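Visitor: I'm new to protein structures. Could you show me one and walk me through it?

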Amino acid sequence: MIEIFQNYGSDLLYGFGQTILCSVIALFFALILGSIFAILEVMPNKLLQKISKIYIEIFRNIPLLVITMIFYVVVPMYFVKISGFVAGTIGLTLYSSAFIAETVRAGILSVDKGQMEGALSNGLTFKQSMRYIVLPQAFKYVIPPLGNQFVNLIKNSSILAFVAGFDLMYEGNVIAADSLKSISTYMCIGVLYLIITLPLSYYMQHLERKLS
Amino acid sequence: MPMIEFKNVQKYYNNFHALKDINLTINDGETVVLIGPSGSGKSTLIRTINGLEDIQSGQLIVNGYDLLDKKTDINKIRKDVGMVFQHFNLYANKTILENIMLAPKIVLHREDEENKRIAMELLEKVGLASQANKYPSQLSGGQQQRIAIARSLAMKPKCLLFDEPTSALDPEMIGDVLKVMKEIAEDSSMTMVVVTHEMGFAREVANRVVFMDQGTILEDDSTEAFFKHPKNERASQFLNKIISHED
């Protein structure tokens, strides 16, 4: 294993960086998209509810690989040429946003209905009630499951390996083929993923304890 | 002038006919108590007044706004019509003071200094000024309900709706809440609609009593007449039961 780090250190580091970059971008946009669709789904407007439901069901129930391939193969054929990294990051964002939407929605629904009614009858609009009363309380319920979603997202970023995204997994495949040392290579890769995911898991657990 | 006017109002939950042909007028400054067995539709009725429940047909006019008119901005009604709930519904993520100051600040854009002064005055009025910086979960039910009333009053409403405000309280807490409600009722400009099982309160404070059963208004009479001689058979049965229970 040490030999792999010595010989392929710069490749591994590059892949590690790409994995983190992709994860951070996807996490940011998936969180925004997911929260928007979660809020749309609990709005009183039936049409918005439907739209959001359709979005969530589509992206939650198609394999990540298929979504990514559509962006890697189909989109460049008809629209713009995008790199594997971009295609993979878009796929990962959309896929994860559907799960995050479901998580956030469950959080919103776990806030007592009386909180919204109290705010509405106090004169606040639906938007104000959400912003000042319901969402801050939902946030607390959402932290633990959201942490799981974040870890899943980072692991799922290995999808980039399929579309030449030069991430950790991609570099791993290249190094394994080059060095003919598959076992140590993939062990290195595993350790590098753990370096990202374990601190995140611990941080989320810490946050959960702090909030409760 | 009528504050609240129901004309042939019908309300359905899917196939269940919750409110049947409701006709009811409540005038400015009046205190009206709604009574009836559980499931009679009194809570549903009071919740239609500020649009927490929608109605399917008829006409409901509150403070000059038609609730079935799509152009009506429901928030304009809610600004002037406060509500107090059975389970208080104080904001769990805000302190007592913040609970009272939030809506005046973001809905009425009241200046911070004035907002705080009014909030503290109201806390004095309900006898809880010392609790201003606590969170709702740190207070007893009776205290929370008095805060909820103060929160509604901070909006300077024209009308207050009370949906079983004492039903979730321990018996020794009820008196303090009723006392605050009586003080509000004595202010003749405030319109009050109260769903309650507190007959003593009804007799003492209400101008009128409305009796409901199975989604219909069976009797609507002055308080004195209602308690002396309920005209409706069902109302008289209900009254006998509840009063013999109280004694």
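Guide: Helices (H or I, at least four residues) and strands (E, at least two) are DSSP runs, numbered from the N terminus. This is a predicted model, in which local features need pLDDT of at least 70, side-chain atom pairs count only at pLDDT 80 or more, and totals for chains, interfaces and linings use all residues. Residues are numbered from 1 along each chain as its sequence is written, chains are lettered from A and ligands numbered from 1 in the order in which they are written, and side-chain values use heavy atoms, leaving out hydrogens and water.

Visitor: Which pattern does chain A follow along the sequence?

Guide: Chain A has 0 strands and 8 helices. Reading along the sequence, you get α-α-α-α-α-α-α-α.

Visitor: What percentage of chain A's residues are buried?

Guide: Buried means under 20% relative accessible area, exposed over 50%, and partly exposed in between (1.4 Å probe, protein chains only). Chain A has 212 residues, and the buried share of them is 46%.

Visitor: How far apart are the mean positions of the positive and negative charges of chain A?

Guide: Lys and Arg count as positive, Asp and Glu as negative, while His and the chain ends are not counted. Each charge is placed at NZ of Lys, CZ of Arg, CG of Asp or CD of Glu. For the 14 positive and 11 negative charges of chain A, the mean positions are separated by 12 Å.

Visitor: Which element gives the largest share of the lining of the largest pocket?

Guide: On a 1 Å grid over the protein atoms alone, a pocket is an open set of points with protein on both sides within 12 Å along at least five of seven lines, a cavity is a set where a 1.4 Å probe fits but cannot get out, and lining residues have an atom within 4 Å of a point. The largest pocket holds about 850 Å³ of space, and the closest of its 25 lining residues to its centre are Val42(A), Met43(A), Pro44(A), Met116(A) and Phe126(A). With 4 residues, the largest share comes from α5(A).

Visitor: And which element gives the most to the lining of the largest cavity?

Guide: That cavity has about 40 Å³ of space, a volume being the space filled by probe spheres set on grid points joined across faces, edges and corners. Its lining includes Gly118(A) and Ser121(A) as well as Gly82(B) and Arg151(B). The top contributor, giving 3 residues, is α5(B).
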